[in-house]
Amino acid sequence: MPALRSGEMKRGDGVESPAATEAARGGPDKRTYVRRAFEQIAPRYDLLNHLLSLNVDRLWRRRAVETLDWRRQPRGTYLDLCAGTMDLAAMLAGMPGFEGRIVAADFAEPMLLAGRGKATTGTVAPLVADAVCLPLRDGSLAGAIAAFGVRNLDDLDAGLREVRRVLEPGGRFVILDFATPRKRIVGALYGFYFNSVLPRIGSLISGHRDAYRYLPESVANFPSPEQLAERMRRAGFAAVSWRSLTFGIAAIHAGTRQ
């Protein structure tokens, strides 16, 4: 399943951890760092996602798809933003009763290529595109969804406004991403695993020296659920709501374009 636009597949050595830290904090080179890292870990991305989350990520994605309320327009066109290997797009495409089309957009083409075969070409259309500048018409989508992606945008607010632009009135945007648990015991266990165990396993399996060091640092620098909800409102979304998942390890946000 070829991408709609062909792009150069960059390869190279992993970036040292200072660059990961700067990128996680939203430094000027975040976009370049994130794209290069995901290009390099694409072959092992799915394996690591399921392994490191003990497969809980599959349940989270299913709940995000349910929150999208796609049954309002089962034949509509939907956006899987920061689609990666298109797990969400494939899940939505396989839902009983779904007869629409999904544009799976990601700026790292090797990630899209790694997801080939997960869904039929007629239902899912891969698109190499930046989340803050989508080649889509105003008001052309029935809904949009993003899993573990908006945290990686170099300009979160611009990305939120761009999604609102391409949604039709009544279209819903759903965000699934990590959060920081608030209960002390859960937070301590989560912090140890996320900051000590996960980077070592991720580095060993992916072959990238610090892509999985960037992950916990990016979560630490990501807005809290309340802050993200407020930024969605500022971007023009209405009826914004959110809920925690699995002891606060992740959260699902939803907002609607009026």
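View 1. Strands are DSSP runs of E with at least two residues, numbered from the N terminus. A250, I252, A254 and T256 point one way from the strand, whereas A251, H253, G255 and R257 point the other way. This is a predicted model, in which local features need pLDDT of at least 70, side-chain atom pairs count only at pLDDT 80 or more, and totals for chains, interfaces and linings use all residues. Residues are numbered from 1 along each chain as its sequence is written, and side-chain values use heavy atoms, with hydrogens and water left out.

**View 2. Pairing of strand 7 with strand 5 (residues 167–178).** The two strands are antiparallel and share 7 bridges; pairing requires at least two DSSP bridges between strands. F173 has G255 of strand 7 as its bridge partner.

**View 3. The hairpin of strand 6 and strand 7.** Strand 6 (residues 237–245) runs antiparallel to strand 7 and is joined to it by 7 bridges. F237 lies opposite R257 of strand 7. Between the strands of this hairpin there are 4 residues, and T246 adopts a positive phi near 50 degrees.

**View 4. The cysteines C82 and C133.** The structure contains 0 disulfides (a disulfide being a pair of cysteine sulfur atoms within 2.5 Å). The sulfur of C82 has its closest cysteine sulfur in C133, 14 Å away, which is too far for a bond. C82 is buried at 16% relative accessible area, whereas C133 is exposed at 55%.

Note on methods. Buried < 20%, exposed > 50% of the residue type's maximum accessible area, 1.4 Å probe, protein only.
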